[in-house]
Amino acid sequence: MTDPYPVRMDIRPDVQAFFDPATNTISYIVKDPTSDACAIVDSVMDIDYAAGRITHDHADELIRQVRARGLRLEWIIETHVHADHLSAAPYIQQQLGGKIGIGANIQVVQETFGKVFNEGTEFQRDGSQFDRLFHDGDRYMVGNMPAFAIYTPGHTPACMVHVTGDAAFVGDTLFMPDGGSARADFPGGDPATLYDSIQKVLALPDEMRLFMCHDYGPDGREIAWETTVAEQKAHNIHVGGGKTRDDFVRFRTERDATLEMPRLIIPSLQVNMRAGEVPRDKDGRPMLKVPLNAL
Ligand SMILES: [Fe+2]
């Protein structure tokens with residue numbers, strides 16, 4: 001079988017990671033080695049949910065770094081509609097420019113959660129809040145550095161893995177080898193589909209660097225976010241070492257039935273399905289809803 005994706009292991013982007021301890025998310029600045037161009041992957045906006053207060057310390061650090069290094073931000077990539085943290089994409093775009101991109105199946109997510117949050121007709125369900133909607137294999141450039149997206153549904157219907165040079169940003173398809181994989185029980189999620197998507201990632205070259213979106217430091221180990229395809233194939237506790245699709249589906253289904261909803265799912269979905277814009281009430285005030293017994 002020939003590789004359907006335009007992999008370029010000869011290009012080594014400079015990857016700078018930013019861990020957010022409040023949500024265990026890792027954001028990245030990914031720089032083209034031959035120019036000042038960069039992309040930001042999976043930014044975070046801070047929220048004190050109990051107080052209903054939004055702040056931007058994490059995003060400000062990303063912005064400060066881009067400026068301090070004299071970089072030009074071309075892309076703000078969301079690997080998916082996150083359910084556990086809010087995106088800061090528009091806040092960053094306002095200050096640094098760049099295009100906000102996500103998987104084209106954002107439309108499915110908007111349809112689903114447009115209903116859950118009983119959004120009116122002013123909430124567009126066509127993905128038009130984003131600058132670019134990626135399909136499987138779609139290519140784009142970060143400066144001189146080619147990048148492409150791999151469609152990886154299963155955790156959510158809009159998940160994509162973004163690859164540039166020898167670096168892949170896997171979103172929630174995989175965690176570090178000792179963390180396994182993300183849940184597949186959100187609306188539109190499916191464990192068998194997630195298994196198949198993970199196989200697409202594991203079909204990338206063994207030396208491909210893989211960058212996680214989350215890490216929880218299982219069993220007290222230090223937070224980590226970088227591994228390789230070879231390490232995942234050998235050691236991933238959910239899919240490595242020859243575990244079958246059936247093993248995975250059985251395990252994932254049983255495990256997901258025991259998991260609580262993420263603490264920030266209600267604000268996260270309302271903001272992230274709008275590309276990181278905060279929803280507003282009829283008077284234009286920033287306002288979130290809490291649908292009861294709906295999730
Ligand atoms: Fe996620």
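Two strands are taken to pair if DSSP finds at least two bridges between them. Helices (H or I, at least four residues) and strands (E, at least two) are DSSP runs, numbered from the N terminus. The structure is a predicted model, in which local features need pLDDT of at least 70 and side-chain atom pairs count only at pLDDT 80 or more, while totals for chains, interfaces and linings use all residues. Residues are numbered from 1 along each chain as its sequence is written.

The secondary structure of the chain amounts to seven helices and 14 strands. The radius of gyration, taken over C-alpha atoms, is compared with a globule rule of 2.2 Å times the number of residues to the power 0.38. The chain has a radius of gyration of 18 Å, close to the 19 Å that this rule gives for 295 residues, so it is as compact as a globular protein of that length. Along the principal axes, its C-alpha atoms fill a box of roughly 55 × 50 × 35 Å.

An open sheet of mixed pairing is formed by six strands in the order S1-S2-S3-S6-S7-S8. Strands S1 (14-20) and S8 (132-134) stand at the edges with a single partner strand each, so one side of each is left without a neighbour in the sheet. Within the sheet, S3 (residues 37-41) and S6 (residues 72-77) run parallel and are joined by five bridges; Val41 has Ile77 in S6 as its bridge partner. Helix H2 (residues 89-96) packs on the sheet, where it touches S3, S6 and strand S7 (99-103), and its direction makes about 165° with that of S6. Contact here requires C-beta atoms, placed from the backbone, within 7 Å. Axes are lines fitted to C-alpha atoms, for helices over the stretch in contact, and angles run from 0 to 180 degrees between N-to-C directions.

Helix H1 (residues 57-68) packs against H2 at an angle of about 30°, the axes lying 10 Å apart. Angles under 35 degrees count as roughly parallel, over 145 as roughly antiparallel, 65 to 115 as roughly perpendicular and the rest as oblique; H1 is therefore roughly parallel to H2. In this packing, Ala59, Leu62, Ile63 and Val66 of H1 meet Tyr91, Ile92, Gln95 and Leu96 of H2.

A further helix pair consists of H4 (residues 191-202) and H6 (residues 245-256), whose axes come within 9 Å and cross at roughly 130°. H4 and H6 are therefore oblique to each other. Pro191, Ala192 and Tyr195 in H4 meet Arg245, Phe248, Val249, Arg252 and Thr253 in H6.

How values were computed
Contact = placed C-beta atoms within 7 Å.
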